[in-house]
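Morning, everyone. I have one structure to walk through today, and I will keep it short. Please look at the screen while I talk.

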Amino acid sequence: MFKNFLKGIVIGIANVLPGVSGGTLAVVLNVYDKLTEAIGNFFTAPFPKKIEYLKFLAQIGFGAVIGIVAFAGIISKMYEAYPRGTTIVFLLLILPSIPVILKGEKFFKRDNIISFIAGIIFTVVFIYITKLFAGNEEVIRTSGFNLAYGGKLFVCGLIAAGAMVIPGISGSLLLMILGEYYNIMNYIKSFNITPLIFFAGGTAIGLVLVSKAINILLNRYRSCTLHFIVGIIVVSLFEISAMLFV
């Protein structure tokens, strides 16, 4: 139980760092399969299984909330003050995940190689698109809350949650592109509940839908899905490494 709580804290911290994926850390910490299964199948599972899922999700979820709320400011300051050192720490956390993920799998099988390459191509295209739009300046919101803005936060939560579940894709980076990263960080720090409710609603639905899809893929095409994920992680490692030379 306490181990899952600590793992949740690490996943929560990763989710507030632009360029770092909480999904990748979930893979590294060996909770990714169970996490996607519990989130994706919770509403359709029989009652005893629901209780099991609920206990696991509560442990990870509570840890993640603590990680986001308590460490968001600290980790952000570490990135600002010691960008290279902090980046190296996360690289050392992610790098050992590759052999762990592919343990017992046949990498040189044709379908697996195709899946691995597809993961690389997918991530390269994603990074290119994010950089294409990354020039948009973040707009710090100072005006009052309204339903139209709440709708935008709901959609942002939906999109960011999907990215959080997929290893190698940073939900925080997507929020930056959507122009709401710093606003949401400010809402968390100031405990501004109303906009966070809309964002959390979108996040919850996004987590369920994407987790369900990934859980189905892991059950039916496990080897290919794992190699696709590793392709994503490999490109992400190069992208994170590039921060060392900025």
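This is a predicted model: local features need pLDDT of at least 70, side-chain atom pairs count only at pLDDT 80 or more; totals for chains, interfaces and linings use all residues.

What is the chain built from? The protein chain has 12 helices and zero strands. The protein chain has 246 residues, and 44% of them count as buried.

Now contacts along the sequence. Take the contacts in the protein chain with a separation of 6 or more: 78% of them come from residues 24 or more positions apart.

On to the interior. In soluble globular proteins, nonpolar side chains tend to be buried together. Here, the largest nonpolar core has 30 residues, and Tyr-32, Ile-101 and Val-230 have the most contacts inside it. Several helices supply at least two residues each to this core: α1 (2-15), α2 (22-28), α3 (32-41), α4 (47-81), α6 (97-101), α11 (193-220) and α12 (222-242). Which helix gives the most? That is α12, with seven residues. A separate core of 14 residues lies apart from this one, and its members include Tyr-149, Leu-153, Cys-156 and Tyr-181.

Back to Ile-101 for a moment. If we leave aside neighbours within four places in sequence, Ile-101 is in contact with Val-27, Leu-226, Val-230 and Ile-233.

Next, α3, the helix at residues 32-41. Is α3 mostly covered or mostly open? It is mostly covered, with seven of its 10 residues buried. Those seven are Tyr-32, Leu-35, Thr-36, Ala-38, Ile-39, Gly-40 and Asn-41. Tyr-32 is also one of the residues with the most contacts inside the largest core.

A brief word on rings. The count of aromatic pairs comes to six. Phe-2, Phe-5 and Phe-62 are linked into a cluster by ring pairs.

Now helix α7, which covers residues 110-133. Thr-123 is in α7, and it counts as buried because its relative accessibility is 1%. Beyond residues up to four places away in sequence, Thr-123 touches Gly-231, Ile-232, Val-235 and Ser-236. Ile-129 is also in α7, but it counts as partly exposed because its relative accessibility is 40%.

What does Ile-129 belong to on the surface? It is part of a nonpolar patch, together with Ile-117, Ile-121, Val-125, Tyr-128 and Leu-132. Together, the patch residues have about 580 Å² of accessible area.

Last, backbone angles. Most residues other than glycine have a negative phi. Two residues here go the other way. Asn-30 has a positive phi, near 65°, and sits in the loop between α2 and α3. Phe-191 has a positive phi too, near 55°, and sits in the loop between α10 (181-190) and α11.

Are these two buried or exposed? Asn-30 has 65% relative accessibility, so it counts as exposed. Phe-191 has 57%, so it counts as exposed as well. The cut-off for exposed is over 50%.

That is the end of my walk through the model.

Conventions: Residues are numbered from 1 along each chain as its sequence is written. Side-chain values use heavy atoms; hydrogens and water are left out. Rings of Phe, Tyr and Trp (its six-membered ring) pair if their centres lie within 6.5 Å; planes under 30 degrees apart count as stacked, over 60 as edge-to-face and the rest as tilted. A nonpolar core is a set of buried Ala, Val, Leu, Ile, Met, Phe, Trp, Tyr and Cys residues joined through side-chain atoms within 4.5 Å. Buried means under 20% relative accessible area, exposed over 50%, partly exposed in between (1.4 Å probe, protein chains only). Helices (H or I, at least four residues) and strands (E, at least two) are DSSP runs, numbered from the N terminus. Contact means heavy atoms within 4.5 Å. Patches are made of residues with over 30% relative accessible area and no salt bridge: like charges are joined within 9 Å, nonpolar side chains (Val, Leu, Ile, Met, Phe, Trp, Tyr) within 5 Å. Accessible areas come from the Shrake-Rupley method with a 1.4 Å probe; for residues, only the protein chains shown count as cover. A salt bridge is a side-chain nitrogen of Lys or Arg within 4 Å of a carboxyl oxygen of Asp or Glu.
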